[in-house]
Amino acid sequence: MGLKEFVEKSFKKSPWVLHYNCSSCNGCDIEILACMTPLYDMERFGMVNVGNPKHADILVVTGTVNHKNKEVLKNIYDQMPEPKVVVAVGVCAATGGIFREAYNVLGGIDKVIPVDVYVPGCPAKPEAIIDGLYKAAEILKEKYEKMGKAEEVLK
Amino acid sequence: MIRMSDKSTIPFGPQHPVLPEPIHLKLVVEDEKVVEAYPSFGFVHRGLEMLVQKKDFNQMVYVVDHICGICSAMHGQAYCQAVEELIGIDVPERAKYLRVVWAELHRIHSHLLWFGLLADAFGFENLFMLSWRIREKIMDILEATAGNRVIISVNIVGGVRRDIDTEQAKWLLDELKEVEEGLKELEKIVKNNYTIKQRTVGIGVLSKDDAYMFGAVGPTLRGSGVPIDMRTTGYAAYGNLDFEPVVETDGDTYARTIVRVREMFQSIDLVKQAINKMPEGEINVKVKPNLPAGEVITRVEQPRGEVFYYIKSSGGKNLDRLRIRTPTFANLASLLHMLPGSTLADVPVLVLTIDPCISCTER
Ligand code: SF4
């Protein structure tokens with residue numbers, strides 16, 4: 001296996017996940033953490049939780065956006081290298097959920113950054129989160145391949 | 001040679017690997033020592049207290065349940081107790097015991113969760129996995145008895161919405177036996193492990209007087225030797241159950257860890273007592289659609305300490321005002337007292353030692 005194939009394979013088979021809690025109630029966050037623990041074990045799909053946006057391929061966001069954290073979220077998203085995929089976990093990440101009417105809530109995170117996968121539930125079940133992450137990994141693969149084509153055209 | 005100032009400022013958070021929640025600390029460090037710490041908040045502020053104007057008092061139960069996913073049952077409980085006192089209804093005895101059962105199960109899962117995060121903060125990944133594996137048993141119990149894993153929304157104004165029948169209670173006690181086995185294992189590790197001791201003994205010392213002066217609550221306070229526990233006021237069915245507040249005297253992170261570990265055993269015992277003493281009967285009573293005028297405060301012991309609810313109503317369906325003081329808010333002063341003088345490497349441990357819940361604090 002050449003270096004290029006090796007990089008390609010490890011990229012597709014092992015996406016790294018970054019989790020950011022926008023303004024959630026913690027319910028979805030602890031379910032995401034539960035996904036990493038022995039019972040659900042997200043690592044069998046090669047997904048590793050990382051703390052640095054610059055290392056991450058998939059951004060998992062829980063909770064709604066408010067006036068203070070929208071910049072933080074945008075900042076984290078911008079720091080991630082292309083290609084990247086965003087997963088919105090929980091109904092409040094999708095639409096604002098139960099907090100929708102509160103005065104400091106802007107709505108779902110798609111108001112600030114583009115979202116690829118929505119995982120419903122309040123809180124989303126670990127099984128659903130893993131399913132969503134798996135879908136995200138597939139989208140990541142597609143995006144990666146498209147990017148490769150674009151590079152060839154540019155050559 | 002001209003030297004630049006020895007002080008530098010390091011941002012900690014809002015997105016940080018050890019924190020599942022966004023809190024921002026501006027740390028002024030001198031070499032490796034933290035000299036000052038300034039917190040900044042508002043990343044999780046949603047404005048839930050104001051929602052009382054839009055949702056009626058029954059719907060509000062579900063909103064307060066979503067203040068925090070970790071201790072949601074206790075938020076619901078505190079709110080319901082306040083409204084019940086305002087209306088002046090007596091909750092059926094069985095409902096009171098059921099509330100104790102769910103609240104104590106929440107305490108166990110919250111402490112296990114915290115313990116895992118603490119282990120993760122000092123790099124003991126394996127222990128994180130171990131404690132979360134034990135926690136999954138509690139999640140199973142919650143799902144089986146209430147229908148959801150995390151936010152169970154069992155409390156309603158006037159009682160609870162689900163019952164635990166005899167068969168389920170028997171199964172629950174069997175499961176708890178397994179949890180207890182796991183906890184014993186965990187306790188052994190905490191008591192004997194070199195790494196844990198190195199990272200927690202003598203870290204973040206809070207003397208008895210300081211803890212009292214800064215208004216600390218919960219395990220942070222009890223770890224410093226002050227035996228204050230809201231459950232001793234006898235709300236819900238705690239008055240009929242037999243327990244003592246868990247107290248340790250050293251006041252460091254290790255003491256607080258031991259407090260929490262011992263509290264988990266206490267909680268298991270309380271669940272057993274509650275199930276055995278639970279009388280038969282109704283689980284909720286009907287509530288009139290309109291509230292009387294008045295104000296009420298309630299206090300409930302959450303895993304992180306005392307939560308304080310104040311409600312005010314001038315009649316009608318909606319409350320006028322809801323005010324919540326959460327345990328983490330009370331403990332922040334102690335945290336800011338502990339940070340200066342510590343080394344940078346200890347900051348994650350110190351932040352976790354008060355078991356911060358930012359969702360609660362900012363609502
Ligand atoms: S979707 Fe529900 S459980 Fe998840 S963060 Fe939002 S309110 Fe909490």
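**Figure 1. The annotated domain of chain A in the predicted model.** Over residues 25–135 of chain A, 32% of the chain is helix and 19% is strand, and the end C-alpha atoms lie 25 Å apart. Helices (H or I, at least four residues) and strands (E, at least two) are DSSP runs, numbered from the N terminus. An unreviewed UniProt entry annotates residues 25–135 of chain A as "domain: NADH:ubiquinone oxidoreductase-like 20kDa subunit"; UniProt positions follow the numbering used here, feature names are shortened, and annotations may be inferred rather than shown by experiment. Residues are numbered from 1 along each chain as its sequence is written, and chains are lettered from A and ligands numbered from 1 in the order in which they are written. This is a predicted model, in which local features need pLDDT of at least 70, side-chain atom pairs count only at pLDDT 80 or more, and totals for chains, interfaces and linings use all residues; side-chain values use heavy atoms, without hydrogens and water.

**Figure 2. Surroundings of the ligand.** The ligand lies between chains A and B. Of the 13 residues around the ligand, those that come nearest are A:Ser24, A:Cys25, A:Cys28, A:Cys92 and A:Cys122 (a residue is near if one of its heavy atoms lies within 4 Å). In chain A, α2 (27–36) and α4 (91–94) each contribute at least two residues to this shell.

**Figure 3. Two backbone features of chain A.** The peptide bond joining A:Cys122 to A:Pro123 is cis, with omega near -10°. A:Pro123 belongs to the loop between β7 (117–119) and α5 (126–154) of chain A. A:Asn26, although not a glycine, has a positive phi of about 85°; A:Asn26 is located in the loop between β1 (16–21) and α2 of chain A.

**Figure 4. Helix α4 of chain B.** The 22 residues of α4 (residues 125–146) of chain B should span 32 Å at 1.5 Å a residue, and the end C-alpha atoms are 31 Å apart, which agrees; the expected span is 1.5 Å times one less than the number of residues. B:Gly147, with a positive phi near 100°, follows α4(B). Chain B has an average pLDDT (the predictor's confidence in each residue, from 0 to 100) of 84, and 98% of the residues score at least 70.
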